[in-house]
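Please consult the sequence and structure shown below.

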Amino acid sequence: MKTALFASAAVIALAGFGTTAAFAQSRDTIQIAGSSTVLPFASIVAEEFGASFPEFKTPVVGSGGTGGGLKQFCAGVGAETIDIANASRPIKTAEREACTAAGVTDVREIQFGYDGIVFASAASGPDFALTPLQVYKAIAANVYVDGALVPNPYKKWNEVDASLPDQTIALAIPGSNHGTREVFQEKVVTAGCEEAALPADHPEDACTALRQDVVIEIAGDYTETLARLTSNKDTVGVFGLSFYEQNKDTLKVATINGVVPSNESVIAGEYPVSRPLFFYVKGQHIGTIPGIEEYVQFFLSEGIAGNGGTLEAAGLIPQAPEKTAEVLAAFEAGAAQ
């Protein structure tokens, strides 16, 4: 199962839904959008759900990034709004406030497993052993050289650190609409900036401004990032671990702080760039849009999201069964987050 997964019939772009019919009668299919990282998992579950529950239509799953999905989710209650938002980070306070302002007051958080964020490059290229500090120095818009702040002068990775490959710096990262970008910013760029021990009077954007000559921001999903690597062998791409695992025949992965990203290193808490995965359910649509409760229960079932389940085979890192039981109990009890 490789990138063709994204072409699944259950995966389409969501462009909005009609608003003319009454909510209770206008839609009988679960509508989902959001994280590109969660997209392949949700697509698998949607297809399996449709096959296992013929009384319900197969849910429609779209992408758009975590931020984009939550924006749609928080737009209001009714058939013209989506039922579930996939997310590769927790919902933000501002997003919760937007939901509340639009009348979305029953928001149920479902954590279903883990993923890591990796730096992957062409399998035929050199090995990378990276640290957050090296990545920060390679892509920061401005860096301190001999005590002076200057536009980033580094052209090759080995100019940043002699231990790195003699390869032109080119980094493809998710756009600002993706949860992966936010985790990358926090756990790699900001962490590297802190390691750099900048002077107290450093510019306010020293840890956030990225150079435009070597950084490529990808608004689409990971297949677009992969295409960049295919067209330019010097490019290093930022992916979810699960996507890398599905494309290991063409990619190789970098270590971070000497740790190889893997299910085992993420579960053990050793790999520094990892995160839980979520989807958010609009409780006010339960009982009106058919199948939502059953979809959540099916998604969290041992055979799907548990150890040895369908999603683990697709690259998900399962969470502890006790955590899943806690999440499911909260959902069924109607506990809004």
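In this predicted model, α14 is followed by Gly-334, whose phi is positive, near 75°. The helix itself spans residues 321-332, and Gln-319 lies in the loop between α13 (310-313) and α14.

**Geometry and faces of α14**

- Helix α14 comprises 12 residues and extends 16 Å from its first C-alpha to its last, close to the 16 Å expected at 1.5 Å a residue.
- Thr-324, Val-327 and Phe-331 are the buried residues of α14.
- Viewed down the axis of α14, these buried residues fall within an arc of 65°, so they line one face of the helix.
- An α-helix has 3.6 residues a turn, so residues three or four places apart point the same way.
- Exposed residues Glu-322 and Glu-326 are carried on the face of α14 turned away from its buried side.

**Packing of α14**

- The buried residues of α14 pack against the strands β4 (107-122) and β13 (274-282) and against helix α11 (292-299).

- The side chain of Gln-319 reaches the backbone oxygen of Gln-111 at 2.8 Å.
- The side chains of Gln-319 and Thr-324 are joined by a polar contact of 3.0 Å; Thr-324 is also one of the buried residues of α14.
- Leaving aside residues up to four places away in sequence, Gln-319 touches Gln-111, Phe-112, Gly-113, Tyr-114, Thr-324 and Val-327.

Terms used:
Residues numbered from 1 in each chain as written. Predicted model: local features only at pLDDT ≥ 70, side-chain atom pairs only at ≥ 80, totals over all residues. Heavy atoms only, no water. Helix = DSSP H or I, 4+ residues; strand = E, 2+ residues; numbered from the N terminus. Expected span 1.5 Å × (residues − 1). Buried < 20%, exposed > 50% of the residue type's maximum accessible area, 1.4 Å probe, protein only. Arc of directions from axis to C-beta. Contact = heavy atoms within 4.5 Å. Polar contact = N/O pair within 3.5 Å; in protein donor to acceptor, adjacent residues only side chain to side chain.
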